[in-house]
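Open the model in your viewer and keep the sequence panel at hand.

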Amino acid sequence: MKEIKKLIEIVLSCSQAETALLDVPKQSIKEKQFIQGIESGSYTSDEQAAKDLYNTNPNDVRYKMLKHRVKKKLFNELNYVNPQKVTANHVRQKEIQCNSLIYQANIVRARYEFDLVINLATKALMIAQEFDFTDLKVSALELLSLSYSEMGFIKKFAAAQEELKTAMSHFVMEREAVSMFQHATVQLRKSTKTRKEFLPHLPEIIEKLEKLWKGSGTFSSYYAYYRTYIWYHELEGNFKEIIAITVDALRLVDRNRINVHRFDLTYNNFIMVYAHLRAKDYTDGLAYAEKNLQLYNPTSVNWFSYMENYFLLAVHAQQYELGDVLQRKIFDNSSFHIIPTSAKERWILYRSYFRLVYPQATVPEGEANNPYLLSLPEYSKDKLGFNVAILTLQFIYLLERGETEALLYRIESIKKYVSTHLKDAFSLRSKLFLKLLVLSVTEDYEAEVCRTKGESLYKKLMDTPAPGDAYAEIEIVPYEHLWDLILQILAKAEANTKSRTR
């Protein structure tokens, strides 16, 4: 039932004519009734459909044969879909169109109409060449070679054979590259343990992928190399390498070394801006972020994702006025409701942090009742993500309020969290920073004492690079900036105490 329902949805939404499905020749009344029942939601199970149509159960041979006939006709209808209705992706539309031409060419080939084969295969070849569909190029050239051979076109046959030989060679290398990329993908998307074990193999794979791309020159080979390269360096935290390849990709597009139709500029610019953030190259990162913002539709989820990196760049660069403008754009966007709940929670967390460093930030009425997310559900304790960010935000809130008893309880939770979850080297920055938080309480909130005794931890923090994305705890505001803020809070509290005792 689920399969048929999916097919009906696809055919009705993608067919050349909306009524095509119900106008299939020799369609029985039962078939129409079955399709309309599923489409309207009257039949949500085989039991309902079988009972209504035949007053029987789903095992009845009549019902089984009905399903078989309808499914067969639905699959047949896929041959007549409108590519523009199937997908908004222009490249995918052209791929469907090219496949359709090759399918048609194979039909007329079966009737030995080779002049028609040449016409259709030539059209397919033009699309395949324009969009660098290597596999479809091979199929089109095979059809042309066959037709020229059958019709005795010697020169055209020789030219097609030479082109086919080159295309086949490129296709073999492309398939190897794609297979290697898919193998890497399945390994990296498994458990964290599997991913860590697989990472050491990636440099050798990347080297092979680069050779395959340079040997074939096809887009799919480049894409396999490009994505694997970015993935590896992202996991390892080598963000300057990611900046280099994303900038180089733009140069290759300009020089027509990689297919301009198929290269995703929105992804490239997204990862480029992100890499600048993680590499702490804020000046260039902000310039790229502003320049490329126009590539993203403000009503799309991608725009919100891009704005996260843009906003964090502004915060890390301490350009708080820009940060305030950006966060207002986010929360004033009427499409905010379309983003996932996890993304909404991140933005609320970002805004709460932003108020720490920029108290005059624009904040909606009512949010001041819970300014530091004391009731926000904490993220999974066994997975790094925002745990340290939430613990820190709650700690600073209590510190500002001078709630010493609550802070004593809080540092015990922090100590337990550090000993349980921050054992690995990749957690060093978070571990050092949380130790500084504990120090501020154990040293009785004395600003200068904390500054002096925390100096060695602070220097280690500054010298410790951010870990790769496979393991990173998110720093919404750099830990160094937060420690400076905490010392300011302590100094202000001491000054207030002294003024009251005079």
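In this predicted model, select the buried residues of helix H3: Asp-46, Ala-49, Ala-50, Leu-53 and Tyr-54. Look down the axis of H3: these buried residues fall within an arc of 95 degrees, so they line one face of the helix. What do the buried residues of H3 pack against? Show helix H2 (29–40) and helix H4, which are their packing partners.

Stay with the second of these partners. H3 covers residues 46–54 and H4 covers residues 61–77. Their axes lie 10 Å apart, and the helices pack at an angle of about 110 degrees. Angles of 65 to 115 degrees count as roughly perpendicular, and H3 is therefore roughly perpendicular to H4.

From H3 come Asp-46, Ala-49, Ala-50, Leu-53 and Tyr-54, and they meet Arg-62, Tyr-63, Leu-66 and Lys-67 of H4. Colour them by type: six are nonpolar, three are charged and none is polar.

Step just past the end of H3 to Asn-55, where phi is positive, at about 55 degrees.

Now move to the largest nonpolar core, which has 74 residues. Which of its residues touch the most other members? Select Trp-347, Tyr-353 and Leu-482. Centre on Trp-347 and leave aside its neighbours within four places in sequence: its contacts are then Phe-304, Met-307, Glu-308, Phe-311, Ile-330, Phe-331, Phe-336 and Ile-339.

The last stop is a second, separate core of 37 residues, with Leu-199, Leu-202, Phe-239 and Ala-249 among them.

Methods
Residues numbered from 1 in each chain as written. Predicted model: local features only at pLDDT ≥ 70, side-chain atom pairs only at ≥ 80, totals over all residues. Heavy atoms only, no water. Axes fitted to C-alpha atoms, helices over the stretch in contact; angles between N-to-C directions. Helix = DSSP H or I, 4+ residues; strand = E, 2+ residues; numbered from the N terminus. Parallel < 35°, antiparallel > 145°, perpendicular 65-115°, else oblique. Contact = heavy atoms within 4.5 Å. Nonpolar A, V, L, I, M, F, W, Y, C, P; charged D, E, K, R; others polar. Buried < 20%, exposed > 50% of the residue type's maximum accessible area, 1.4 Å probe, protein only. Arc of directions from axis to C-beta. Core = buried A, V, L, I, M, F, W, Y, C linked by side-chain atoms within 4.5 Å.
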